[in-house]
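Here is a short report on one protein chain. Look at the fold as a whole, then at one helix and a handful of single residues.

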Amino acid sequence: MVEIKKSLRDCLLSYYPLEADDIEAIEAITTEVHIPRNTIIIQQDKLQHDIYILSSGLARVYYEVPNREITLDFNDAGCMLMSINTYARNEPGYENIAIVEDATLFKINSPALFRLYEENIRIANLGRKIAEYEFIKIEQRAMSKLFNTAQSRYMDLLDKYPTYINRIKLGYIASYLGISQVTLSRIRANIR
């Protein structure tokens, strides 16, 4: 499999059309980090003031509840990873975000980014677009779980992210779909 790696510039521009000096200002508060798989970068019930953008690799967003984990989402190169509750309200987050495969990330300190929001309208608009994007993702997940069958959600996952199936544990996929691994195996057998 060919590794997809995105630059910070390309990641930022996928959210909002920034100018070169805007990107330079964000680069000045950003550090590139390499994170091994199975590392939790955002922890549930904690303030997480770092925002990450995946340059390469794959991450899983999930909640821990008694006796199980519920997978909400998977993210690959170009996606923003953050505690939404900390970002929006400066309160502990609800989610965990774990690196599923070795990854390169851009780490941005949110207080420094928020200062840029106050100084630069284009960077502030970037922040607005990031929040809008996260809201839309949450709404799409909720609508999909309400109105689509597990098989339909699995087919959507295959259509949108065909490489995920080979990169993610089946237990995580079953959790994402809200079904057991046995049910996932039946669905997979029916579509082959």
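The report below moves from the overall chain to helix packing and then to single residues.

**Basis**

This is a predicted model, in which local features need pLDDT of at least 70, side-chain atom pairs count only at pLDDT 80 or more, and totals for chains, interfaces and linings use all residues. Residues are numbered from 1 along each chain as its sequence is written, and side-chain values use heavy atoms, with hydrogens and water left out.

**The chain as a whole**

The protein chain holds nine helices and six strands. Helices (H or I, at least four residues) and strands (E, at least two) are DSSP runs, numbered from the N terminus. The radius of gyration is 17 Å, close to the 16 Å from the globule rule for 192 residues, so the protein chain is as compact as a globular protein of that length. That radius is taken over C-alpha atoms, and the rule is 2.2 Å times the number of residues to the power 0.38. The C-alpha trace spans about 55 × 35 × 30 Å along its principal axes.

Buried residues account for 46% of the 192 residues. Buried means under 20% relative accessible area, exposed over 50%, and partly exposed in between (1.4 Å probe, protein chains only). The chain exposes about 10,500 Å², and carbon and sulfur atoms supply 51% of that area. Accessible areas come from the Shrake-Rupley method with a 1.4 Å probe; for residues, only the protein chains shown count as cover.

Contact means heavy atoms within 4.5 Å. Among contacts between residues at least 6 apart in sequence, 72% join residues at least 24 apart.

**Helix α8 and its neighbours**

Helix α8 is mostly covered, with six of its eight residues buried. These are Tyr172, Ile173, Ala174, Ser175, Tyr176 and Leu177. They pack against the strands β3 (50–65) and β4 (68–76). They also pack against the helices α5 (121–147), α6 (150–160), α7 (164–167) and α9.

How do α8 and α9 cross? The axes of α8 (residues 170–177) and α9 (residues 181–191) come within 9 Å and cross at roughly 95 degrees. That makes α8 roughly perpendicular to α9. Angles under 35 degrees count as roughly parallel, over 145 as roughly antiparallel, 65 to 115 as roughly perpendicular, and the rest as oblique. Axes are lines fitted to C-alpha atoms, for helices over the stretch in contact, and angles run from 0 to 180 degrees between N-to-C directions.

On the α8 side, Leu170, Gly171, Ile173, Ala174 and Leu177 make the contact; on the α9 side, Gln181, Leu184 and Arg188 do. By class, the contact has five nonpolar, two polar and one charged residues. Here Ala, Val, Leu, Ile, Met, Phe, Trp, Tyr, Cys and Pro count as nonpolar, Asp, Glu, Lys and Arg as charged, and the others, Gly among them, as polar.

Just after α8, glycine 178 takes a positive phi of about 80 degrees.

Asparagine 38 has a phi near 70 degrees, a positive value in a residue other than glycine. It lies in the loop between β1 (30–35) and β2 (40–42). Asparagine 90 is not a glycine either, yet its phi is positive, at about 55 degrees. Its place is the loop between α3 (84–89) and β6 (96–109). Asparagine 90 is partly exposed, at 47% relative accessibility.

Phenylalanine 114 lies in α4 (residues 110–119), alanine 142 in α5 and arginine 167 in α7. Is arginine 167 buried or exposed? Arginine 167 is buried, with a relative accessible area of 17%. The other values are partly exposed ones: 27% for phenylalanine 114 and 37% for alanine 142.

The table pairs each with a residue elsewhere in the chain.

| Pair | Separation in sequence | C-alpha to C-alpha distance |
|---|---|---|
| Phenylalanine 114 and histidine 49 | 65 residues | 11 Å |
| Alanine 142 and isoleucine 23 | 119 residues | 33 Å |
| Arginine 167 and alanine 98 | 69 residues | 14 Å |
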